[in-house]
Amino acid sequence: MMDFKPKKKLGFGLMRMPLLNPSDEASVDVEQVCKMVDMFLERGFTYFDTAWMYHDFNSENVVKAALVDRYPRNSFTLATKLHGEYIKTKEDRNRIFNEQLRKTGASFFDYYLIHGIDEELLEIYEKLDCFNWLLEKKRAGLVKHAGFSFHDTPELLDEILTKHPEMEFVQLMINYLDWNSEWVQSRACYEVAVKHGKPVTVMEPVRGGTLANLPQDIEMLFKEKDPAMSIPSWAIRFVASLDNVMVVLSGMSSIAQMEDNTSYMENFKALSEDEKKLCLKAGEKLISKLAIPCTGCSYCTSGCPMKISIPKYFKMYNENTFDDLEEKEWSVKYEDYPQLLENGGKAADCIACGQCEGVCPQHITIIENLKMIARHIE
């Protein structure tokens with residue numbers, strides 16, 4: 001077996017894979033993903049991360065087709081997760097786990113996570129004894145390493161790690177935009193993990209693409225420093241430079257992104273202190289421009305009865321906000337808008353059922369934001 005920590009810090013996040021139909025999250029372009037997997041492994045990377053509900057419950061199937069069926073099991077490590085929104089009884093835990101083994105064809109999981117813990121989901125996980133259940137899977141050899149992903153306060157994280165020291169690692173949302181933000185508190189959560197001696201896997205290092213497509217004035221800060229490096233590389237290298245980070249997950253959605261990310265992470269060199277300060281300066285400038293703190297994870301869309309492409313509306317709104325929305329009023333990118341309506345509802349179609357807000361890791365007031373966007377567009 002491989003060591004607990006991957007030899008290279010870049011992980012392939014399988015929640016934003018390329019699509020055949022942009023309006024259908026399940027329509028993954030498996031052929032392109034196969035090419036991306038080949039490039040990833042050829043360059044010495046080994047860590048793949050999926051979850052039960054990614055890509056409208058199709059991500060784990062893609063793992064089997066693009067990875068497990070094509071490579072020896074000891075040539076890669078695989079992480080997947082159990083999410084509290086989909087378990088109502090103790091029996092549900094095994095039902096989903098066994099289905100994950102079947103869908104991936106993996107025979108065991110190198111890393112298994114209790115998924116997206118916040119105060120509300122923690123009650124479900126404790127009630128259904130999920131921490132002990134996960135340790136049972138580890139004792140049975142079906143899981144090699146047990147951990148959890150987390151979306152809440154550093155105080156709650158400290159409580160969990162104090163109560164459950166048996167958890168071997170923690171997955172946190174860390175990026176230079178949220179390093180000192182009030183709603184994510186990346187730095188404070190990271191410091192709690194360090195205090196407890198738990199290695200960290202990082203999710204959302206590029207914040208759902210927000211840190212790959214910056215306003216021109218912020219982009220110039222990086223280009224003036226090093227014109228040869230891509231804009232997303234700054235975000236990924238910022239978190240990879242943290243000593244306690246064992247892997248940085250990048251939800252790559254094209255061969256070009258795979259080419260770029262592996263080019264600078266293959267022989268990774270940590271950022272200097274001046275370069276870290278530059279990232280934080282860029283984050284401060286950007287946070288003042290960002291209207292809705294959406295990461296584009298799409299947890300909210302699979303259960304939406306009106307099929308509204310919520311993250312895409314939010315992304316469109318944020319991009320317009322970058323261009324002084326208050327001064328120019330609303331100027332929607334009309335080339336993007338018709339595509340949102342092809343297989344989904346309008347923002348105004350929201351029936352305020354609340355399903356989306358119940359699963360949002362960022363605790364965004366989605367209903368109110370959709371109403372606001374609807375007023376501007378429709």
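The legends below describe close-up views of a predicted model.

**View 1. The barrel of eight strands.** Eight strands close into a barrel in the order E1-E2-E3-E4-E5-E6-E7-E8, with parallel pairing. Strands are DSSP runs of E with at least two residues, helices are runs of H or I with at least four, and both are numbered from the N terminus; two strands pair if DSSP finds at least two bridges between them. On average, neighbouring strands of this sheet are turned by 30° against each other, direction ignored. Angles run from 0 to 180 degrees between N-to-C directions, using axes fitted to C-alpha atoms, for helices over the stretch in contact.

**View 2. Strand E3 and its cover.** In strand E3 (residues 77-83), seven of its seven residues are buried, meaning under 20% relative accessible area with a 1.4 Å probe and protein chains only. Thr-77, Ala-79, Lys-81 and His-83 lie on one side, and Leu-78, Thr-80 and Leu-82 on the other.

**View 3. The partners of E3.** Three bridges link E3 in parallel to strand E2 (residues 47-49), where Phe-48 has Leu-78 of E3 as its bridge partner. Five bridges join E3 to strand E4 (residues 109-117), also parallel.

**View 4. Strands E5 and E6 with helix H7.** Strand E5 (residues 143-150) pairs in parallel with strand E6 (residues 169-173) over four bridges, and Gly-147 stands opposite Phe-169 in E6. Helix H7 (residues 154-163) lies across E4, E5 and E6, at about 155° to E5.

Residues are numbered from 1 along each chain as its sequence is written. Local features need pLDDT of at least 70, side-chain atom pairs count only at pLDDT 80 or more, and totals for chains, interfaces and linings use all residues, while side-chain values use heavy atoms, leaving out hydrogens and water.

Definitions and conventions. Buried < 20%, exposed > 50% of the residue type's maximum accessible area, 1.4 Å probe, protein only. Contact = heavy atoms within 4.5 Å.
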